Amino acid sequence: MTPILTTLAPGLLEAGSRLIDRLVPDPAEREKAKLALLQAEGQLALQEMQTSLSAILAEANSQDPWTSRARPTFLYVIYGVILLCVIGAVIGIWWPTHVFQAAENLNKLLGAIPESLWWLFGAGYLGYTGARSFDKWRGPGR
């Protein structure tokens, strides 16, 4: 199913319903035609949902562990960093100079990474997620 058709489908179905009202004089036939139109709309929605689910299931069932675990792994790392910050704040109650020294050391270590590498990482990560989103939007097998 083309994305254009999916986008235009609600308007086309509404126009089709109005067209049926004008062209079909018999009330029973009119209702029958509208029912067929609603069934077509339901089929369209079902196909769209199946396409989305098939992309998600294909990713989840992939044999490559990085395909199905890359984003969750990244989130686990971020959760770990947040947890370490909370633990560091609690430890800072008893040893504030040590925590400040650790924070300063971390700041210096991260600051030693050239800015161009941060941009490269950001572009790569955004490019990866953008390409994956585009593939999912486009659907499987296209």
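How many salt bridges does the structure hold? In this predicted model, the structure holds 1 salt bridge. The partners are Lys-108 and Glu-104. Their closest N and O atoms lie 3.2 Å apart. That distance is within the 4 Å cut-off, so the contact counts as a salt bridge. Side chains of opposite charge can pair when their charged atoms come close.

Both residues belong to helix H4, which covers residues 96–111. Lys-108 and Glu-104 are 4 residues apart in this helix, so about one helical turn separates them. Lys-108 has a relative accessible area of 53% and is exposed. Glu-104, at 41%, is partly exposed.

Aromatic contacts were examined next. The count comes to 2 aromatic pairs. One of them joins Tyr-76 and Tyr-79. The ring centres of Tyr-76 and Tyr-79 are 6.5 Å apart. Their planes meet at 55°, so the pair is classed as tilted. An angle over 60 degrees would be needed for edge-to-face, and one under 30 degrees for stacked. Tyr-76 and Tyr-79 sit in helix H3, residues 65–91. Being 3 residues apart there, they are separated by about one helical turn. Tyr-76 is partly exposed, with 47% relative accessibility.

Trp-94 and Trp-95 also pair. Their ring centres lie 6.5 Å apart, with the planes at 55°. This pair is therefore tilted. Trp-94 is exposed, at a relative accessible area of 58%. For Trp-95 the value is 47%, and the residue is partly exposed.

Definitions and conventions. Residues are numbered from 1 along each chain as its sequence is written. This is a predicted model: local features need pLDDT of at least 70, side-chain atom pairs count only at pLDDT 80 or more; totals for chains, interfaces and linings use all residues. Side-chain values use heavy atoms; hydrogens and water are left out. Rings of Phe, Tyr and Trp (its six-membered ring) pair if their centres lie within 6.5 Å; planes under 30 degrees apart count as stacked, over 60 as edge-to-face and the rest as tilted. Helices (H or I, at least four residues) and strands (E, at least two) are DSSP runs, numbered from the N terminus. Buried means under 20% relative accessible area, exposed over 50%, partly exposed in between (1.4 Å probe, protein chains only). A salt bridge is a side-chain nitrogen of Lys or Arg within 4 Å of a carboxyl oxygen of Asp or Glu.
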